[in-house]
Amino acid sequence: MSTQVLQTKVKTDEFTSFLGMLVVLGSITMLFVALIVSYSILRIQSSMWINPGMGSIAFQLGVINTIILMISSWTYYKGQQYAVTGSRRKVRQWLGLTLGLGVVFLLTQLNLWRILIDSGMTAQSNIVGSVFYMLTGVHGLHIIAAIIALSWAIIRSTRVTGTVEIRPIKLVGLLWHFLDFLWICLFISIFII
Amino acid sequence: MSEHHEQTFWTKYIFSTDHKVIAKQFLWLGLFFLAFGGFQALLIRWQLAYPDQPLPWWLLGTLFYEGGVITPDHYNALFTMHGTIMIFWAITPMLIGAFGNFVIPLQIGAPDMAFPKLNMISFWTMFLASVVLLASYLLPEGTAAGGWTSYPPLSAPVGGIAGEGQTLWTLALTLAGTSTLMGAVNYIITVVRMRAPGMTYFRMPLSVWGLWLTSILNAIFVPIIAAGLILLLLDRTIGTQFFVAGGLATVEGGDPLLYQHVFWIFGHPEVYILILPAWGIVSDLLSVFSRKPAFGARVTAICMCTIVVLSSIVWGHHMYTTGMSPLLGKAFMFLTLLISIPSSIFFLNWLGTLWRGNLHFDPPMLFAMAVLWVFGLGGLTGLYNATVTSDIYLHDTMFVVGHFHYTMAASVLFGGLAAIYFWFPKMFGKKMNPLLGKLHFWISFIPLNYVFFNMMVLGYAGQHRRLYDPNEYEFLAPINDLNISITFFAMVLGFSQLIFAYNFINSMINGEKAEANPWKANTLEWTLEGPIPHGNFATTPTVYNGPHEYSNPAVKDRDWIAQSEPMPT
């Protein structure tokens, strides 16, 4: 076709991808800042606010979920370390474990929802419930996205036999640790304060 | 590292990752919705001038409405969708989607965007958003009708406007926001990481500055409206009551004012999101067609940055009448009025660029100068809206409508048209007919000013912005004639765009082949011979000069020097 032969594929270097991910995380931060500020305004205006963590089982599940996510960040870190040394099997094991913990987090979260719904707190029953399901739900959607991204990263980084491509792992890792941190903030603001 | 891909029709034109193809996709999408939203404006104007008469055949009245009569419900839907479509589906795709995509990589000397696939997904998310938005017309109770701001309770499921149009509106807007965010990530990172060697920040053309700052605002503030839309969507779908209060609420604790805050924390930066690209493009074009360096280009860039910061802390001026504390109102008024300082500075810079320039009145220049006029008027009338005492009177009147059409609609429309006339030769490799371009300019510029200036007069006389039938109020009887004449000029303005449509399509098919640099401009895109292949530059250019090197005495044989040419010594 054209006589000029050009580089039609942009080679995005690692630092560029890293910065792109930072902008994405910045946008997610702004989303949650807006949601949490809305939550604080509704809470300040409310005449009485019942903490959803008042029931001991709900609180325990919240604590368990926080611990699950913190462990998943640690297993992610281990997986990433093995990616540096290039052992594919270990990478798959540790990141697979991380993925599993993510799924367990979601299941525990659903269980928590079920318990609260059974106890009479639904999204429609009062403003506390609306805020609770909204915040945990939007966070859960992001965890689902992160699980999909991590599955992609595991396949992508170990697709060539004998080597591990570290970049997808590093990139998704930023998202994973960020959502972990975000959960801790949510946990404190919903269950503790 | 060179690869050559055999491209099929699908990978080349539909699911392309080439920023130039994506730019054209966005341009077509934007132009389609511009025509759609513009047509709705004509229907609104007809209703305001002749509220008792059915629409005439040439407005296709009987095609859309039974007997050609616009009912109050139809009318609500009309102005709601006119605003929504013009802002999010016409201006945003045209200036940010189309010219952001086309101009940024070419002007900074990059082979493509930093994340080409994300760029493609961004367009198709926008396309999906458009489908969802248009699908809302098919609902039995019609599309959204709560105003473009969709304040609860108008948009709320209880006590609001009937039908699920509002739900689809909310969903479509969320999708459009996602598309915008993907674009913003791309633009920000492309500018930060992909500039050619020698392309320092202050050597970037001001168009790129404008688009870049817009993207930063998008990345920060679109998530805020997303938060509001999520809450609204939950209210509408699963029955939460975040924005429902008072007698309508079944549970205590909701707050409709919260929506207004969230909306305007995004909404005011949105005004600058829309206009910053136009400012940047105009700053560059004035320099090209005055054959002079842009006066104080660095200061203009810094002023735009200042406005970006200020724009995020002035949202309260949309809410003076919500009963906010007078102290808060004063604070918002002070901050809002502060914006006039950087705006005035770069406005003077524009005049400084024109001053004693060698002006060439080609169509892009005419439209760029029109931006000076309409933005000047719009900016000045903004002072009345920013001041609490006068705003209390003017709030929600046609004055506001006239004001924001001058600043946001007319400035951005003219900026976008200037950009189309300017970059058309580079985008399509053909020339547009300049004579038709000039005709299009005059026949748009004069009616447009008549329409929007007199809207402010109407508002000052007390006409509310969302009235269905002004004849129902006796105190509006003296301005009835003005409503009719505005409608006449609006029709002229609307139908004169057919000249543009003809010129655009005809030039694309039958136009004369354009040379590589028809305007003798010095930025990097004009160094490329068309058609530009995927990957843009055969060798990455090195940049030696600023973006406005015109009439430099060091260059002997001509009055410009490309950014990638070393200055003769």
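What radius of gyration does chain B have, and why does the value agree or disagree with that of a compact globule of 569 residues?

Reply: This is a predicted model, in which local features need pLDDT of at least 70 and side-chain atom pairs count only at pLDDT 80 or more, while totals for chains, interfaces and linings use all residues. Residues are numbered from 1 along each chain as its sequence is written, and chains are lettered from A and ligands numbered from 1 in the order in which they are written.

Chain B has a radius of gyration of 24 Å, taken over C-alpha atoms. Along the principal axes, the C-alpha atoms of chain B fill a box of roughly 75 × 55 × 50 Å.

Chain B contains 16 helices and zero strands, as DSSP runs numbered from the N terminus (helices: H or I, at least four residues; strands: E, at least two). Of its 569 residues, 55% are buried, that is, with 20 or more other C-beta atoms, placed from the backbone, within 10 Å of their own.

Contacts require C-beta atoms, placed from the backbone, within 7 Å. Of those in chain B between residues at least 6 apart in sequence, 80% join residues at least 24 apart.

The contact between the chains takes 41 residues from chain B and 34 residues from chain A. On the chain B side, helices H6 (165-193), H7 (206-237) and H8 (256-290) each supply at least two residues, and H7(B) gives the largest share, nine residues.

How values were computed. The radius of gyration is taken over C-alpha atoms; the globule rule is 2.2 Å times the number of residues to the power 0.38. A residue is buried if 20 or more other C-beta atoms lie within 10 Å of its own, exposed if 12 or fewer, and partly exposed in between; C-beta atoms are placed from the backbone. Two residues are in contact if their C-beta atoms, placed from the backbone, lie within 7 Å.
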